[in-house]
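Let us walk through this structure step by step. Keep the sequence and the model in view as you read.

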Amino acid sequence: MTLSHMPPRYLAATSAHFDDPTRRLVLGMVAGLAGLGLAGRAMAADGTPIRLGGILPLTGPDASVGIQQQRGLRFGVSQINAAGGVAGRPLDILYEDDEGRPDQAVISFNKLVSLQGVPLIFSAFSGPTLAMAPLATRKKIVLVNGGAQADRLAKASPYLFNTIPVAGDEIAVLAKYLASVGKKTAGILYEDDAGGTSGRDDFVRAFQKVGGKIIAREPVSFGQTDYRPSLLKIASVKPDVLFVMLSDGLGPLADQIHQMKPAFTIVGTSFFNDPAALHNPGSDGWLHTQVQIKAPPAVATAFQKMFNVEMEFWGAQYANAVFIMAKAIEKVLSQGKPITGENIHDAIFSIQTFDVMLPAIFRTNTAVMEIDIMQIKDGHHHLVQEFKAD
Amino acid sequence: MDYLFSYLILASIFVILGLSTNLLVGVVGIFSVSQAAIFGVGAYTVGYALSNDIMGFVPALALAAVVCLVLNVLITLPSLRVSGDYFVVTSFGIQLLATAAFTNWDAITGGASGMAGIPTADLFGLPIDTSLKTLILTACVACLACFAFRLVMRSPFGRLLMALREDELAVAAAGRQVLRAKVEAAALAGVFAGVAGGLYAVYLSFIDPSTFDLDASVLLLTMVVLGGARTLAGSIVGPFVVVALPQLLSLIDLPTAIAASARQGIYGVLLVAFMLFRPQGLMGRKI
Amino acid sequence: MLLLQLLINGLVTGSALGIIAISFSLAYSTTRIFHVAHAGIYTLAGYVAYALEKSGAPDIVGLLAAMAICAVAGALIQSELYARLAQRRASHLAVLIASLGLLAVIQNFLASVFTPNILPFGSAWRGRTLSFGGVTLTEVQIATLVICLAVFPCSLWFTRRTVLGKQIRAVASNPFLAEITALRPQRTFVIVMAIASAMVAIPGALVAFDFGVQPYDGTTVLLTATIAVIAGGIGSLTGAFLMAMLISVLQNLSLLVISGEWSVGVTFLIFLVFMLFRPRGLFTRR
Amino acid sequence: MASDQTYLSVKSMSKRFGGLQALNDCTFSIDSGKIICLVGPNGAGKTTIFNAITGFLKLDQGSVFFRGNGLTGIGPQKIVRAGIARTFQNLRLFGDLTALENVASAVPNQFGEEPLGALFRPIHTARSQRKTRETARGILEEVGLADQAEAFVRNLSYGEQKLLCIARVLATGAELLLLDEPTSGLSGDALEKVMVLLRRLRDEGRSQLVVEHNTRVVQQIADEVLFLHQGHLMAQGTPEAIMADPKLAEIYFGGAL
């Protein structure tokens, strides 16, 4: 039923560019949607768009990440809409730029909610997200954070869903793995901001819990690219591993590591899934946890086609967040309820296990996802060990 | 409605802050790019006091005002010793130092991840827990601040400050103490910034170092430039326009990839254009 | 060993910072404009080099092109913005604000063309290293050190020995007098800004070769450079250069003693100490 | 040391700027109720003496006494309160303020010249403000600028600005006025106006120490002349006596002839 609503050229485009696994994925989704569409036909699939919000730092110092996240959202929406939308209704995200500032985020939040009546808002970065969280609680608007991993986000609001595990979860897995391969001492190089410092604290806790010892900690400021003095200082105490928590600048770091050839192994989290680092010979041998982002190659190709850039980590995460929320909205519609924040909230918990591009389980407000240990070799990530969800 | 409220609340907070900046930059002519740091100290003081249940909102706001008064005097003092451009560097440095302190003094500020869950304000037991109540509170304080600014500008003190900007030597020759006048102006500007910070903290219930960084100081400067120096009308119009600007600019349909930075660049264009073609701003006097 | 390596690293970054400082000093002591947008020119140089490298040109071409384009940009800023402001009798504060605005324009223009991400260069020589008795330097670092150390005496020679340099110094010491003796200060200002901008393009491109480009990092770099200019004594190129070296070395070495998040603090502390005890700077004669 | 009879006395003042000896053991004293002109070639140290007396400049050596009280090492604002006020050669008026405000800015003892008074006792402040403005208006009338009271200074003619400088220094209430070239750049009516004004002020009891280049003006207004050369007092006497001295004329006009 729903398929017939789709303009044929969308179908043509998707089939032409997607090879097998994606087609299966997309067709699977479409089939699912079609099924739900049937169920929800009484709901008048009139094709009026479902409007959601996206509040991201599109300018300012955090914009480099914000723009990647926006690409992810746009890609997710285009995929959903290409497959017929949600129960026949296309998704539409209204974007607001908060410049990474909490106050602008609050204005944008109120604007989207009170003027546009959106029930759900995608957000980014812990500052703005934490600033919006009390409003989300008060107004029962679902806030979806697909990028920030600060631990405090886990309990900030019953309406705040984190579609990515908090950093603590990843780091616990990393520490466990490091202990299992006999790494005893570690240095930490972290960005002196919210994500970096909470990552540092998580790592200290987790690594000490498995019997490791932290022997150096060096902060760098956001946007700093000269890591040499810090690296030299860390190298002088000869740790087994160096835990790195940076959100940008992995390219220069890889350069400088390559030039220095230190004895320690570089370890980190999903942040390492950054093409700038991957394609740098300096990143050879780096170990990192990976919130599973096995985007089917065809999806990645479609992404590349759409934006002319590789699918970055953030792109995948935010596209996945769109897929998860589309499912939840679909469920709300299928129950014949109006699309409100409260209903979406309930739907997320009633679905709990989302078998989308990157499967996620919501027992709490923060997704549990499979976390893998990967190693970078010759410009590719190689799976070292899997830690299934749980 | 809430959208309009949140705009009005922030705009009125920035009016108070704009008055503070206008007093220093526009009236006395001290180039300061560290007013956001003082704003931040006010916000953190109130945030810390309320979060740790040390005192009520009103005493906390008073404390913030006092702390900011003292600090602003201290950071403005170099302007007495070092002239013009040296002070620009001092001011930049103070702003960067303040950001480093907000980010790293975890025990007080919550560090880089900020201070979340600041309780809402209460006025002697009356909770200020809705947008409307907050708007009434901030608007009242902003009106008070405007009234104070007007009183000052029409008083001999205001005239003394204006004279100070034009010629410190002549002020001294007229038998006035330059040092004392500057300290008093800085103190007053500090009180304004501290109160604005306190209101900001309770309204957003979340503060973090990014709100009080160099960009924020530049934004404050933009408000003064846009509104115009030294007039009350300018100090009100500037913040109202600048706070609305991101919202207005988002109406322009630019390709998403550039829209972002382009919008930010427009602040710069505004600064340059106003200085070239309208140094008196929308409704002020020449800066 | 660590100490030595940190010291050498400090000297490398310090030599680059030194050229930024003397270029700023040259522009400032002549035009008396606190040219904050100089940070934008510095950033622009990196992006010019980056764009050329991506289009296949060798890095040396990138460096030269960056100098040329920055020189033009600097001259335009003087003739189209600062000169007009002077004509309109804008206050010192107004000029400063305009400069700050221009900086925002340049940074965001670059961010919108090239994205705000850190973009690394790809050329192979960047990764090659050389070791001298335990101290390892990359070829880019060596190039930076050598070129910047060479530019410094050239700039001294230029201001002291050439006719143009003497003219500039004359205008700097008294623009009014220069005007009546037909030295035409506004024309000299344009030339000075062009030269200063070409100079700042050298570290702008070299640092970019090493660390990649990003749009917003120039502000802090320029602030550090201005601290060197002031602490070294306004008008003294040698003072500015040596102070920049000193600040950079101290920043590197301070890591051994205190944690890195306070390195801004260290720089600024140096400044405060100078302001309190030697406000005229280290190298000025009374 | 200083006798109570001397009005203003300057003792062995010395000041060096780098290689230039601006004041070299300069000593003189003057009586009250007179116009005393300070003359001498450019660079003789006239303005430096002004700066030193009014506390704008720290002396290397020497002292200043006013009515027997030492003024050395005291800040400018205290010296104004002690009764000596000055004008500047380059005027230093507040261009963005009105003529009236310029004068008002120098009137002493105003309430509300600090924030607490201005904010918390606004009515009192306003009353004091009215009084100040009346005083200022009176002074403007006295110098003949009453009709320009509300004009912005930058819109006044040069002659009017010169008069305004005198009005502002009068407003301080000081009894000894140090006027730095009050007539330079003036001619005809404007010049005449200033000379008449200075004489009238003297007759009202305001002593004046005036830096003056124009010999015709000196002859017309001066009760006494101090001749300065290379930071040193060369001669002191009546205008006629000084003008008649060929050696001084040689120094004064030497460069020109």
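Start with helix H6 of chain D, residues 158-171. This helix has 14 residues and reaches 20 Å from its first C-alpha to its last. That is close to the 20 Å expected at 1.5 Å a residue; the expected span is 1.5 Å times one less than the number of residues. Helices (H or I, at least four residues) and strands (E, at least two) are DSSP runs, numbered from the N terminus.

A word on the model itself. It is predicted: local features need pLDDT of at least 70, side-chain atom pairs count only at pLDDT 80 or more, and totals for chains, interfaces and linings use all residues. Residues are numbered from 1 along each chain as its sequence is written, while chains are lettered from A and ligands numbered from 1 in the order in which they are written.

Is H6(D) enclosed or open? Because 11 of its 14 residues are buried, H6(D) is largely enclosed by the rest of the structure. A residue is buried if 20 or more other C-beta atoms lie within 10 Å of its own, exposed if 12 or fewer, and partly exposed in between; the C-beta atoms are placed from the backbone. The buried residues of H6(D) include Glu160(D), Lys162(D) and Arg168(D). Leu163(D), Leu164(D), Cys165(D) and Ile166(D) are also among them. What do they pack against? Their partners in chain D are strand S6 (84-86), helix H3 (99-104), helix H5 (122-143), strand S7 (176-180) and helix H7 (188-203). After H6(D) comes Gly173(D), whose phi is positive, near 80°.

Now step back to chain D as a whole. Chain D has 10 helices and 10 strands. Its C-alpha trace spans about 60 × 45 × 35 Å along the principal axes. With 257 residues, a compact globule would have a radius of gyration near 18 Å; chain D has 19 Å, which agrees. The radius is taken over C-alpha atoms, and the globule rule is 2.2 Å times the number of residues to the power 0.38. Buried residues make up 43% of the 257 residues in chain D. Two residues are in contact if their C-beta atoms, placed from the backbone, lie within 7 Å. Among contacts in chain D between residues at least 6 apart in sequence, 65% join residues at least 24 apart.

Turn to chain C. Its secondary structure comes to 11 helices and two strands. From the N terminus on, the elements run α-α-α-α-β-β-α-α-α-α-α-α-α. The C-alpha atoms of chain C fill a box of roughly 60 × 50 × 35 Å, taken along the principal axes. With 286 residues, a compact globule would have a radius of gyration near 19 Å; chain C has 19 Å, which agrees. Of the 286 residues in chain C, 59% are buried. Residues 24 or more positions apart account for 77% of the contacts in chain C with a separation of 6 or more.

In an unreviewed entry, UniProt places the feature "transmembrane region" on chain C at several stretches, including residues 33-52 and 64-83. UniProt positions are given in the numbering used here, feature names are shortened, and annotations may be inferred rather than shown by experiment. Over residues 33-52 of chain C, the chain is 75% helix and 0% strand, with the end C-alpha atoms 31 Å apart. Over residues 64-83 of chain C, the chain is 100% helix and 0% strand, and the end C-alpha atoms are 27 Å apart.

How do the chains meet? Of the five pairs of chains in contact, chains B and C share the most contacts. The contact takes 35 residues from chain C and 35 residues from chain B. On the side of chain C that touches chain B, the largest share, 16 residues, comes from H4(C). The residues of that side divide into 26 nonpolar, seven polar and two charged. Here Ala, Val, Leu, Ile, Met, Phe, Trp, Tyr, Cys and Pro count as nonpolar, Asp, Glu, Lys and Arg as charged, and the others, Gly among them, as polar.

Chain C also meets chain A: 26 residues of chain C are in contact with 25 residues of chain A. Helix H1 (residues 2-31) of chain C gives the largest share of the chain C side, five residues. That side divides into 10 nonpolar, 13 polar and three charged residues. Chain A and chain D do not touch; their nearest C-alpha atoms are 31 Å apart.
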